[in-house]
Amino acid sequence: MSTVIPPMTLAAPPRTRPWKQLRAEIVLTLAGLLAFMLFPTDLGLLTNMATMSIFALSLSLVLGQAGIATLGQAALYGTGAYVAGWTALYLTADPIIGLLLGALGGGLIALLSGAVMLRSTKLTLVMLTIAVAQLLLELANWARWLTGGDDGLAGFEVAPLFGIWEFSFMGHTGYFYALGALVLVYFLVRNLVESPFGLTARAIRQDPGRVQALGGRVYLHLLAVYTVGGVVAGLAGALTAQTSKVANLFMLDFTTSAGVVVMIVLGGTRRLAGAVLGTVAYMTIHHIASTLNPYHWLFVIGSMLIFVLVVLPEGLVGLPDRAVAVAKRLRRSGGTR
């Protein structure tokens, strides 16, 4: 007589409360509101921090998650800015439409350029990304009738947000517009990173050969990641153009790409929160140091970058983890005594 073995019952995974799943977004929103109350006269700087944080998130997705080495992210950012300006000038002044078209512009450039560049790796890939950005910069400089050349694309107006809130010189609407976009983009990118799509991107970064052996389409997956990063970078550029009402050649320049790389290295390349934290730290130090000494502020940035690379290779976002580890170590040493 055979005995019947009852099937194993698996315990259901504990349900996480909705507010815990949105913990990072809630902290980001509260920090934005607190900054608005503490620094009401610096809304221009705060708005720029929010838009550049979105730009840094695009590079964090491309470089930090998928390992795509690029120094030409400004090509996607600047494209989004010019598309938003052209939309306001020739199509419609609605900010949401301009924002979406700017994001699509950045994604399209990423798709077309990535289809060629991502067949290369390492140093060749880095050089190709720089080359694409420089080509777009020279093209924009040549087509002065379309881009404004060195003077930039200006003179366009943005309609009130949702037909209600006007973009005034006080900057209130622009700030909350940028903050809302940052929280939404962070939510979408975080969910993308935590999805199977994001896990595959991280696996490719660690060992592309193994993913290829398991049947994964490494090239197509990297192209998809790079295109999504282009969409996010284009959105950041469009947002910058709408809030500042100008799109210029500096947005396509190499220094813009290098600056955002420094931001995510300071904050931490492997975690999305590091992109936001690094942007805030970089721009705060830049604002204070350039005010005190407008000619040698890069010395402060360089010193901080060296300190982070040597002492905190995981970036500023790793400081809480380090503090917790030190506290536990001290607690254990105190308990053994």
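Arg329 counts as exposed because its relative accessibility is 58%, where exposed denotes over 50% relative accessible area, buried under 20% and partly exposed the range in between (1.4 Å probe, protein chains only). The model is predicted, so local features need pLDDT of at least 70 and side-chain atom pairs count only at pLDDT 80 or more, whereas totals for chains, interfaces and linings use all residues. Residues are numbered from 1 along each chain as its sequence is written, and side-chain values use heavy atoms, with hydrogens and water left out.

Arg329 belongs to helix α15 (residues 319-336); helices are DSSP runs (H or I) of at least four residues, numbered from the N terminus. Together with Lys328, Arg331 and Arg332, Arg329 forms a positive surface patch. Patch residues have over 30% relative accessible area and no salt bridge, with like charges joined within 9 Å and nonpolar side chains within 5 Å; a salt bridge places a side-chain nitrogen of Lys or Arg within 4 Å of a carboxyl oxygen of Asp or Glu.

Seven aromatic pairs occur in the structure. Rings of Phe, Tyr and Trp (its six-membered ring) pair if their centres lie within 6.5 Å, and planes under 30 degrees apart count as stacked, over 60 as edge-to-face and the rest as tilted. Two stacked pairs are tabulated below.

| Stacked pair | Centre distance | Plane angle |
|---|---|---|
| Phe36 and Tyr175 | 6.0 Å | 15° |
| Phe55 and Tyr77 | 4.3 Å | 15° |

Phe36 in helix α2 and Tyr175 in helix α8 are 139 residues apart. Phe36 is partly exposed at 22% relative accessibility, while Tyr175 is buried at 4%.

Notes. Areas by Shrake-Rupley, 256 points an atom, 1.4 Å probe, with all protein chains shown as cover. Lys, Arg positive; Asp, Glu negative; His and termini not counted. Charge placed at Lys NZ, Arg CZ, Asp CG, Glu CD. Helix = DSSP H or I, 4+ residues; strand = E, 2+ residues; numbered from the N terminus.
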